[in-house]
Amino acid sequence: MRNDENFKILSIDGGGIKGLYSAVILAEFEEKYGQLSNHFDLICGTSTGGIIALGLAAGIPAKDIVNLYQTKGPTIFPEKKGVRKKLQTIKQALIASKYSEDNLKSALEVVFKDKKIGDCKTNVLIPTANITTGQPCIIKNDHSGGLERDNIHSLVDVALATTAAPTYFPIQEIPTMSTDYQYTDGGIYANNPSLHGIQEAYKFFINKNGHSYKNYSLLSVSTLHENFSFKRKLSSKRLSLLSWNVKLISLMMDLQSVSTDFHIQYLNSTLNGRYVRIKSESLTEEESKLIDLDKAGKESIDLLIKKGHEASSKWIDNPEILEFFNQYSKI
C-alpha cells in the first residue's frame with residue numbers, strides 16, 4: 001500500500017555528460033523496483049538532470065536515457081585535439097558557444113518524440129534561467145489550480161533550455177512561451193534542484209486541502225564530480241578568462257550542488273523530512289582527468305558507466321533507498 005504521508009521527491013543534478021553516471025544509477029534502480037514515475041510524486045532535474053527528469057517523468061525507460069548518453073554523447077560533445085582544441089577554447093572564450101545545439105536536439109527528438117510537459121505521468125520540475133528578465137524560471141506541469149502555463153511545452157524545447165550552459169550551448173527560446181524571452185541553463189542558480197522540489201511540495205501538497213501528505217521524502221542524485229581544484233598555490237592571483245579555461249563553470253556548478261546539500265541537511269533538522277543524497281563516487285587523480293562537462297570520449301564514457309555501477313551497487317539495497325521503493329508505488 002502507498003504511504004500517503006510522505007510526498008516523494010526525486011532530484012537529479014546538472015553536469016553535462018557527467019549525467020550518464022546518474023542515469024546508470026537510476027536505470028539499475030528502475031530495473032529492480034519498476035518504473036520510477038510510479039514511485040515519486042515529483043521528479044526534479046536541472047541541465048543534464050533535466051533531460052533525465054523529463055524522460056523519467058514521461059515514463060521513458062531509464063535505460064533508454066543511458067543509451068542516449070552512451071551513443072550520442074560523442075556527437076553532442078565532439079572531441080578535438082591539439083591545435084584544434086586550443087582554437088576551440090579560444091572560440092568558446094571570445095567568439096561563440098563551443099557547440100551547436102543541432103546534435104543534442106536531434107538526439108532528444110529521437111527519445112522524447114513529440115511529448116509535452118502535460119504528457120508526464122508524474123509531476124515534474126525543471127529550472128531554467130530567463131536571461132531576458134534576469135529571473136529564475138521554473139517549468140513544471142500544471143498540477144494545481146492557478147497553474148496553466150507549461151503543459152503545452154515540448155520536452156525537447158524544455159530540455160534544450162535547461163541544458164543551454166553558457167559558453168557551451170547557444171541561448172534558447174521556448175516557442176510556446178513569449179517570443180520575447182530567451183533562456184539558458186538552470187544550473188547557474190539551481191544545479192541541484194532539491195530545494196526547489198521541497199518548496200514545491202510545501203507550497204502545493206504538504207498539509208494542503210485535498211492531499212494527505214504530512215512531510216517529504218527526498219532522494220537526491222549527484223552527477224560525477226571531477227574534483228576540480230587548484231592543487232598548488234597559484235603563482236598569480238589575477239587569472240584571465242582564458243586562464244580559468246572555462247573550468248570556472250564546472251567549479252561553480254559543483255559547489256552550488258554541494259552547498260544545496262549542506263542547506264538541506266540543516267533544513268531537515270527543523271522539518272524532519274527524510275533526505276538521502278547519493279553523492280559522487282571518488283576519483284583518482286588520473287580518473288579525474290577523464291571527467292568534465294563535455295568529455296565524451298570512449299574512456300570517459302566507460303568510466304562514467306563504471307562509477308555509476310559502483311554507486312548503484314552500494315545503494316540499491318540500502319535500507320534508506322528501500323524506503324522509497326518498498327511496495328509503495330502509486331499503482
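Colleague: Which residue is the bridge partner of I9 in β6?
Modeller: L218 is the bridge partner of I9 there. This is a predicted model, where local features need pLDDT of at least 70, side-chain atom pairs count only at pLDDT 80 or more, and totals for chains, interfaces and linings use all residues. Residues are numbered from 1 along each chain as its sequence is written, and side-chain values use heavy atoms, with hydrogens and water left out.

Colleague: How many bridges pair β1 and β6?
Modeller: Seven, in the parallel sense. Two strands pair if DSSP finds at least two bridges between them. Strands are DSSP runs of E with at least two residues, helices are runs of H or I with at least four, and both are numbered from the N terminus.

Colleague: And what stands opposite I9 in β2?
Modeller: L42 does. β1 and β2 (residues 42–45) pair in the parallel sense over four bridges.

Colleague: Is β1 mostly covered or uncovered?
Modeller: Mostly covered. Seven of the seven residues in β1 (6–12) are buried. Buried means under 20% relative accessible area, exposed means over 50%, and partly exposed lies in between, with a 1.4 Å probe and protein chains only.

Colleague: Which way do the residues of β1 point?
Modeller: N6, K8, L10 and I12 point one way, while F7, I9 and S11 point the other way. All of them are buried.

Colleague: Back to β6. Which sense does its pairing with β7 take?
Modeller: Parallel, over five bridges. β6 covers residues 215–221.

Colleague: Why call β7 largely enclosed?
Modeller: Because four of its five residues are buried, the rest of the structure largely encloses it.

Colleague: Where does R277 sit?
Modeller: In strand β7. R277 is buried, at a relative accessible area of 10%.

Colleague: What joins the side chains of R277 and S220?
Modeller: A polar contact of 2.7 Å. That term means a pair of N or O atoms within 3.5 Å; within protein, one must be able to donate a hydrogen and the other to accept it, and residues adjacent in sequence count only if both atoms are side-chain atoms.

Colleague: What else is R277 in contact with?
Modeller: Leaving aside neighbours within four places in sequence, the list for R277 includes D13, N192, D261 and W315. Contact means heavy atoms within 4.5 Å.

Colleague: Tell me about W315. Where is it found?
Modeller: In helix α12. W315 is buried, with a relative accessible area of 18%. Beyond neighbours within four places in sequence, the contacts of W315 include F29, V276, R277 and E320. W315 and F29 are 286 residues apart along the chain, yet their C-alpha atoms are separated by 9.1 Å.

Colleague: How many residues does α12 have?
Modeller: It has 18, residues 298–315. From first C-alpha to last, α12 reaches 26 Å, close to the 26 Å expected at 1.5 Å a residue. The expected span is 1.5 Å times one less than the number of residues.

Colleague: What do the buried residues of α12 pack against?
Modeller: α1 (19–33), α3 (62–76), β7 (274–278), α11 (285–288) and α13 (319–325). Among those buried residues are I301, L304, G308 and W315.

Colleague: Now the whole chain. How many helices and strands are there?
Modeller: There are 13 helices and seven strands. Buried residues make up 54% of the 331 residues.

Colleague: And how many disulfides?
Modeller: Zero, by the rule that a disulfide is a pair of cysteine sulfur atoms within 2.5 Å. C44 is buried at 0% relative accessibility, and C120 is buried at 14%.
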